[in-house]
Amino acid sequence: MNYPIIGAGAVSSIGGDPDAIFASLCEGRSGLAPLRAFDRSRFNAQRLFEIDDRETEGVDEPGRATRFLVEAVRQAVEDAGLPEDLAGIPVLVGTGLRELRSLELWWRDGVPFEADGLHFEDALRSRFGAVDTHTFAGACSASLYALALAWDLLAAGEAETVVVAGCDVVTESMFGQADRVQFDPPPSVRPFDQDRRGTILGEGAAAVVLSRSAGSRPARGLLRSVAVNCDAHHQTAPDAAGVEAAVRQAHEQAGVTPPEIDLVVMHGTGTPLNDRTEATVTAEVFDAPGPALTGIKSLTGHTSGSAGLLSLVVALSCLDSGTVPHVAGLSDPLPEGAGLRLVAGEPLVGPVRLAQVNSFGFGGVNAVAVVGGAA
């Protein structure tokens, strides 16, 4: 069974909608800039992939994750041609930290904040009339996990249409933890490069609308499968066997073979172990040279709970345009990537019929989606 993706929306540090984000990726424009949310003097690292919309540098505001989520959902609903009344439509949200930044501002600075604001249901109800909302806090694979649950709802006949979203903003506590681990902060994110030195956090939100049928409107693409597993290998380190199992399950569910995949949007965090594991699994699954491989985190940063769905929205743009953005900063591929078609230097132009999207989270939660063109 294939389910049409009838609407999409996204915001990130490199653009305020899917078209702007895709244009920035193709042009190699980065969202990396000096951090604005809090006092830089407290940290070794000085830069983030923030959505730079604050009025005053160093003065943060509560509710930003919710605001970005609402905007991404608004875009997706509008793109789908739906009325902004989601009373009868489930809304599933994947996130890593919900509104933790707002809680930090309340605890330390006394900024007014109610406990109910940690969740997104009140805002979704107020803005869209949504009454069937669910939030899944599952780190980096959270939004594709939510996508898999949306698939289940459609397959079981429990819903005709589902909105799926993901969102996260950078929190001071999360940034501080990363800063303590990375004693020498990476100057940039360089996925799959031998000189990669780690990841840098980013902010973003993405949303798609799935339906059992596209109706009279052209779909943005077809969701062919979403595979999810949990290998529980380690708190943070990936497990090659678990990752490979998720990839092969996604292919089996989609009814495709590896040679039919034209593009893989990699998880590509720019960290030593994650990139090595993902490249090793990709080489195992696909005969060289295999599909085109790209990743977006070198320009968007690691957007945590929204990362998987943001990559999927980018994959839809690749399917539509026949253009694959390059992996910015990739000049010397890691040995495990030898022979693979890592897109470097400039975008790759050519037909893209089927795309795979990888998203791997803490605790060994692996999620892989396969999407195809609408035609």
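A salt bridge here is a side-chain nitrogen of Lys or Arg within 4 Å of a carboxyl oxygen of Asp or Glu. By that rule R101 pairs with E104, their closest N and O atoms being 2.9 Å apart, and a search of the whole structure finds 29 salt bridges. The model is predicted, with local features needing pLDDT of at least 70 and side-chain atom pairs counting only at pLDDT 80 or more, while totals for chains, interfaces and linings use all residues. Residues are numbered from 1 along each chain as its sequence is written, and side-chain values use heavy atoms, with hydrogens and water left out.

**Salt bridges**

- R101 and E104 are three residues apart in helix 3 (residues 100-109), so about one helical turn separates them; helices (H or I, at least four residues) and strands (E, at least two) are DSSP runs numbered from the N terminus.
- R101 is buried at 3% relative accessibility, and E104 is buried at 14%; buried means under 20% relative accessible area, exposed over 50%, and partly exposed in between (1.4 Å probe, protein chains only).
- The side chains of E172 and R108 also form a salt bridge, at 2.9 Å from N to O.
- Because E172 lies in helix 6 and R108 in helix 3, this pair ties together parts that are 64 residues apart in sequence.
- E172 is buried, with a relative accessible area of 11%, whereas R108 is partly exposed at 39%.
- D39 forms a salt bridge with R42, the closest N and O atoms being 3.9 Å apart, and D39 is partly exposed at 38% relative accessibility.

**Largest pocket**

- Rolling a probe the size of a water molecule over the atoms shows where empty space is left.
- On a 1 Å grid over the protein atoms alone, a cavity is a set of points where a 1.4 Å probe fits but cannot get out, while a pocket is an open set with protein on both sides within 12 Å along at least five of seven lines; lining residues have an atom within 4 Å of a point.
- The largest pocket has a volume of about 950 Å³, where grid points are joined across faces, edges and corners and a volume is the space filled by probe spheres set on the points.
- Its lining holds 35 residues, of which M174, T199, T236, H302 and F362 lie nearest the centre of the pocket.
- Helix 6 (172-181), helix 8 (272-285) and strand 14 (354-361) each supply at least two lining residues, and helix 6 gives the most, with four.
- The lining has 14 nonpolar, 19 polar and two charged residues, where Ala, Val, Leu, Ile, Met, Phe, Trp, Tyr, Cys and Pro count as nonpolar, Asp, Glu, Lys and Arg as charged, and the others, Gly among them, as polar.

**Loop residues and their contacts**

- R220 sits in the loop between strand 7 (204-211) and strand 8 (221-230) and is partly exposed, with a relative accessible area of 26%.
- Leaving aside residues up to four places away in sequence, R220 touches I5, G7, A8, D79, L316 and A374; contact means heavy atoms within 4.5 Å.
- The side chains of R220 and D79 are joined by a polar contact of 2.5 Å; a polar contact is a pair of N or O atoms within 3.5 Å, and within protein one must be able to donate a hydrogen and the other to accept it, while residues adjacent in sequence count only if both atoms are side-chain atoms.
- R220 and G372 are 152 residues apart in sequence, with 9.2 Å between their C-alpha atoms.
- S141 lies in the loop between strand 5 (133-137) and helix 5 (142-155) and is buried at 1% relative accessibility.
- A polar atom of the S141 side chain lies 3.0 Å from the backbone oxygen of V365.
- Not counting residues up to four places away in sequence, S141 touches S359, F360, G361, V365 and A367.
- T257, in the loop between helix 7 (240-254) and strand 9 (263-265), is partly exposed at 40%.

**Backbone geometry**

- The peptide bond from A288 to P289 is cis, with omega near 5°, and P289 lies in the loop between helix 8 and strand 10 (292-294).
- F192 is not a glycine but has a positive phi of about 65°; F192 is in the loop between helix 6 and strand 7 and is buried at 1% relative accessibility.
- S304, also not a glycine, has a positive phi of about 55°; S304 is in the loop between helix 9 (297-300) and helix 10 (307-321) and is buried at 18%.
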